[in-house]
Amino acid sequence: MIQWVLKKGRLGEKDENRTKISLLAGLVGLVSNGLLTIVKLSIGLFSGSVSVLADAMNNLMDSTSSVITIAGAHFADKPPDEDHPQGHGRVEYVTGLIISCFVIVVGLQFSKTSIERIINPEKTHFTLLAFILLVLSIGVKFWQAHFNKKVGEAIDSTPLKATAADSLGDCLVTGVVLASMLLDTLTDLAIDGLVGLVVSILIIKSGWELISETMSILIGQGPSRGTYQELKQRMMTYDHVQGVHDIIFNSFGPEKTIVVLDAEFPSTMSLLEVHKIVDRAEREISAAMDIHLIIHVDPVGETSPFEREIMALVDGFIQEKEGVDSYHDLTLVADEKAIYLDLTVLGSHYPDQESRDRVREDLVQELEEKYPGYKALVNIDLKY
């Protein structure tokens with residue numbers, strides 16, 4: 001089924017249709033979860049088990065999630081327009097967030113029903129057929145988790161990855177529900193309600209983790225350290241590149257990440273020479289890392305004795321200050337009596353604006369005391 005869905009969407013080919021893959025995956029989830037809902041509702045109503053009924057509701061919410069995944073894939077594939085020039089790819093993240101919220105809702109409803117069953121315990125009616133059907137449903141959920149994980153990884157789909165995690169959690173839920181039905185026939189304790197409450201806590205925890213992960217992406221989660229270093233290393237392999245800084249990642253969906261960076265080139269090079277190198281780097285790195293790279297050029301020229309003196313002072317400042325990483329774009333404007341530079345600090349050492357202002361003021365004070373009449377203008381860049 002996995003290969004069939006990916007083949008239908010022409011994964012890896014020039015005319016790859018990511019939206020079609022998402023739609024087919026959502027349709028598979030809709031049908032399978034719909035069947036599980038019907039089966040578990042029948043078992044729950046016949047046996048009187050609140051945990052089975054809650055599990056059926058969980059599968060019903062999964063069916064709703066599949067509908068949301070299908071709708072999200074459809075809207076995310078809409079072409080750019082005047083109001084959304086970068087496309088609608090972030091809709092996928094929003095649908096992933098909605099799925100996560102559904103998981104929380106199910107957990108809360110599950111816990112409420114379970115507490116009521118603890119207060120007013122009732123015996124359930126266990127049958128061999130119910131046992132067999134619940135075991136089979138666990139197998140279906142394991143398959144769903146594997147299916148959504150593989151397809152989600154193949155097309156980097158946040159909603160499908162969230163659905164895969166939810167399906168795996170559902171295996172545990174149904175397993176515990178199954179065990180509670182067996183134990184309920186052997187004891188007078190409110191096993192059905194107690195197990196339901198434990199499972200509801202697990203569902204809520206899973207939902208919260210999924211919400212945290214999706215929200216992190218929506219509010220601007222940065223790249224991994226490995227991705228950052230790979231980009232920097234690739235850029236440094238091109239001729240005449242003397243340094244790379246101010247790397248900014250902007251995600252507009254799984255299929256569109258815009259990256260902007262500053263690359264330092266000798267000021268003696270012609271604009272045409274630099275443009276050829278930059279144009280080639282943008283094309284090659286964009287293709288290799290599946291991003292859209294934009295390079296800003298910083299010219300680096302020979303330094304005067306006065307500039308080297310300033311650089312030595314800043315180097316000493318960096319060595320003395322813990323958490324100060326480097327500096328760049330040092331510019332001396334003699335006519336304005338101004339010294340401009342960007343100071344890069346570690347966000348872990350300077351987590352708030354107040355601490356960053358202090359380190360900037362310290363460097364400004366050193367520069368202006370050393371060079372009276374000059375105004376130091378220092379910008380703080382963060383590194384994580």
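How many residues does helix H11 have, and how far does H11 reach from its first C-alpha to its last? Helix H11 covers residues 353–370, which makes 18 residues, and spans 26 Å, close to the 26 Å expected at 1.5 Å a residue; the expected span is 1.5 Å times one less than the number of residues. Helices (H or I, at least four residues) and strands (E, at least two) are DSSP runs numbered from the N terminus.

This is a predicted model, in which local features need pLDDT of at least 70 and side-chain atom pairs count only at pLDDT 80 or more, while totals for chains, interfaces and linings use all residues. Residues are numbered from 1 along each chain as its sequence is written, and side-chain values use heavy atoms, with hydrogens and water left out.

Buried residues of H11 include Val359, Leu363 and Leu367. Buried means under 20% relative accessible area, exposed over 50% and partly exposed in between (1.4 Å probe, protein chains only). The buried residues of H11 pack against helix H10 (305–320) and strands E4 (324–333), E5 (338–346) and E6 (375–383), where contact means heavy atoms within 4.5 Å.

Ring pairs link Phe306, Tyr371 and Tyr374 into a cluster. Rings of Phe, Tyr and Trp (its six-membered ring) pair if their centres lie within 6.5 Å; planes under 30 degrees apart count as stacked, over 60 as edge-to-face and the rest as tilted. The structure holds 3 aromatic pairs. In one of them, phenylalanine 306 and tyrosine 371 have ring centres 5.1 Å apart and planes at 75 degrees, so the pair is edge-to-face. Phenylalanine 306 is in helix H10 and tyrosine 371 in the loop between H11 and E6, 65 residues apart.
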